[in-house]
Amino acid sequence: ELTPVLLSAVVSRCITPFKSQPRMKIDVRLPEDLQVLADPVELGRVISNLLENARRYGQSTSDGITRVTIEAAQQDETVLLRLSDQGPGVSEQALQHLTEPFFRGDEARTFATGSGLGLAIVERAVQRMGGTFTVLNHSGGGLLALMKFKRAR
């Protein structure tokens, strides 16, 4: 059931467990009043899963700190939500498979503790909410998760 969800409230709730981690810095750039059509619990799981993925694999190669930026912008009838880290990223070949169940990028395999389902679950959850999900190598290094949702009025 999709309802209007205040994006800043969901993000605030999701980042709380990560605030106490000294090797993780999260920069949130969201309009306070921006709402999306979503399931609030499912959206929280998506954001939490992406944050956990960044914590595990998105450490900066220079100092080992995980820096995550979460930002959103309204585009006509949609909202573009971006979550990026500054880690090593993945090869272009691996990038094409990151949302496949049980696939892990080469860098992630070294430190693998999960099932390899994280990004596959994220993609399906976003699609169930009528959105789209794409993961790219960020131009400044690291991974960039792009999600597009319908804007709530």
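Q: How much space lies in the largest cavity?
A: In this predicted model, about 80 Å³ of space lies in the largest cavity.

Q: And how many cavities of 30 Å³ or more does the count come to?
A: The count comes to 1 cavity of 30 Å³ or more.

Q: Which residues line it?
A: The lining of the largest cavity is made up of L50, N53, A54, L83, D85, L119, V135, L143 and A145. Helix 2, strand 5 and strand 7 are the elements that give two or more residues to this lining, and helix 2 gives the most, with 3 residues.

Q: How do the lining residues divide into nonpolar, polar and charged?
A: They divide into 7 nonpolar residues, 1 polar residue and 1 charged residue.

Q: Switching to the largest nonpolar core, which residues touch the most other members?
A: That core has 38 residues, and the ones that touch the most other members are L7, L43, L50, L51, I70, L81 and F133. The elements giving two or more residues to the core include helix 1 (7–15), helix 2 (40–57), strand 4 (66–75) and strand 5, while the largest share, 6 residues, comes from helix 2.

Q: Take L51, then: what is it in contact with?
A: Leaving aside neighbours within four places in sequence, L51 is in contact with C14, I15, F18, M24, I26, V68, I70 and L83.

Q: What about S84, buried or exposed?
A: S84 counts as buried, because its relative accessibility is 8% and the cut-off for buried is under 20%. S84 is found in strand 5, which covers residues 78–85.

Q: Which residues is S84 in contact with?
A: Once neighbours within four places in sequence are left aside, S84 is in contact with R67, V68, T69, H138, L143 and L144. V68 is also among the contacts of L51, and L143 is also one of the residues lining the largest cavity.

Notes:
Residues numbered from 1 in each chain as written. Predicted model: local features only at pLDDT ≥ 70, side-chain atom pairs only at ≥ 80, totals over all residues. Heavy atoms only, no water. Helix = DSSP H or I, 4+ residues; strand = E, 2+ residues; numbered from the N terminus. Buried < 20%, exposed > 50% of the residue type's maximum accessible area, 1.4 Å probe, protein only. Contact = heavy atoms within 4.5 Å. Core = buried A, V, L, I, M, F, W, Y, C linked by side-chain atoms within 4.5 Å. 1 Å grid on protein atoms, 1.4 Å probe; cavity = no way out; pocket = protein on both sides within 12 Å on 5 of 7 lines; lining within 4 Å. Points joined across faces, edges and corners; volume = space filled by probe spheres on them. Nonpolar A, V, L, I, M, F, W, Y, C, P; charged D, E, K, R; others polar.
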